[in-house]
Amino acid sequence: MPEATPDVGDPDDDGVRIDLISGARMEGLTGMEKIRLILDGVRDGNIVILEEGLSPDEESKLIEVTMTEISPDDFSGIEIETYPKAEATDQSFLDKLMGRESTQTLTVIGPANQIETLHKDENLISTLVSRK
């Protein structure tokens, strides 16, 4: 089971908490454990940034699970933006030969009622984050 996110700071402050999750922390988790870790953080009002992103299957499952948990008074869903890293130089020769794309990405996930993407291009994601 994934570790709980440590309780840091005063929950009554006016700031927005950002959880930066390393690829090493996500490495040993199953797809559902990753989804629970992300959704638990977002449901607490945090912005979650994944160093290495999710696979397309995991991202689809995250959206599917999120849809089942939406409730008008409690949880409005998620906003997700993925920023692909430049052509991965550490992509294995076999992956290149087989035509597999690298899954190395940076992914930003937050509560739908707090995060709004203002601009996205190949070099920049600009996001406005508000406190509930």
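Mentor: Let's begin with a word we will need: a residue is buried if its relative accessible area is under 20%, exposed if it is over 50%, and partly exposed in between, using a 1.4 Å probe and protein chains only. Please keep in mind that this is a predicted model, where local features need pLDDT of at least 70 and side-chain atom pairs count only at pLDDT 80 or more, while totals for chains, interfaces and linings use all residues. Residues are numbered from 1 along each chain as its sequence is written, and side-chain values use heavy atoms, with hydrogens and water left out.

Our part will be helix α3, and we can walk up to it through L54. This residue sits in the loop between β2 and α3. The names come from DSSP runs, numbered from the N terminus: helices are H or I runs of at least four residues, and strands are E runs of at least two. L54 has a relative accessibility of 7%, so it counts as buried. Contact here means heavy atoms within 4.5 Å. Neighbours within four places in sequence aside, L54 is in contact with M26, K34, I38, E59, L62, T105 and T107. The C-alpha atoms of L54 and G23 are separated by 9.9 Å, though the two residues are 31 apart along the chain.

Now for the helix itself. α3 covers residues 56-69, which makes 14 residues. The expected span of a helix is 1.5 Å times one less than its number of residues.

Which residues of α3 are buried? They are E58, L62, V65, T66 and E69. Seen down the axis of α3, they fall within an arc of 105 degrees, so they line one face of the helix. The arc is that of the directions from the helix axis to the C-beta atoms. On the face turned away from the buried side, α3 carries the exposed residues P56, D57, M67 and T68.

What does the buried side pack against? Its partners are α2 (31-43), β3 (78-84) and β4 (105-111). α3 lies across β3 and β4, and runs at about 170 degrees to β3. Such axes are lines fitted to C-alpha atoms, for helices over the stretch in contact, and angles run from 0 to 180 degrees between N-to-C directions.

Those two strands belong to an open sheet of four, ordered β1-β2-β4-β3, with mixed pairing. β1 (18-21) and β3 are the edge strands, each pairing on one side only. Two strands pair if DSSP finds at least two bridges between them. β3 and β4 have seven, in the antiparallel sense, and T82 stands opposite T107 in β4.

Leaving out neighbours within four places in sequence, L62 is in contact with I35, I38, L39, L54, I78, I80 and I109. L62 also belongs to the largest nonpolar core, a set of 17 residues in which M26, I38, L50, L62 and I109 touch the most other members. A nonpolar core is a set of buried Ala, Val, Leu, Ile, Met, Phe, Trp, Tyr and Cys residues joined through side-chain atoms within 4.5 Å. α2, β2 (47-50), α3 and β3 each supply at least two residues of this core, and α2 gives the most, with five.

L50 and T107 are 57 residues apart in sequence, yet 5.1 Å apart in space, C-alpha to C-alpha.

Finally, step back to the whole chain. There are four helices and six strands, following the pattern β-α-α-β-α-β-α-β-β-β along the sequence. Of its 132 residues, 33% count as buried, and the buried face of α3 is one place where you can find them.
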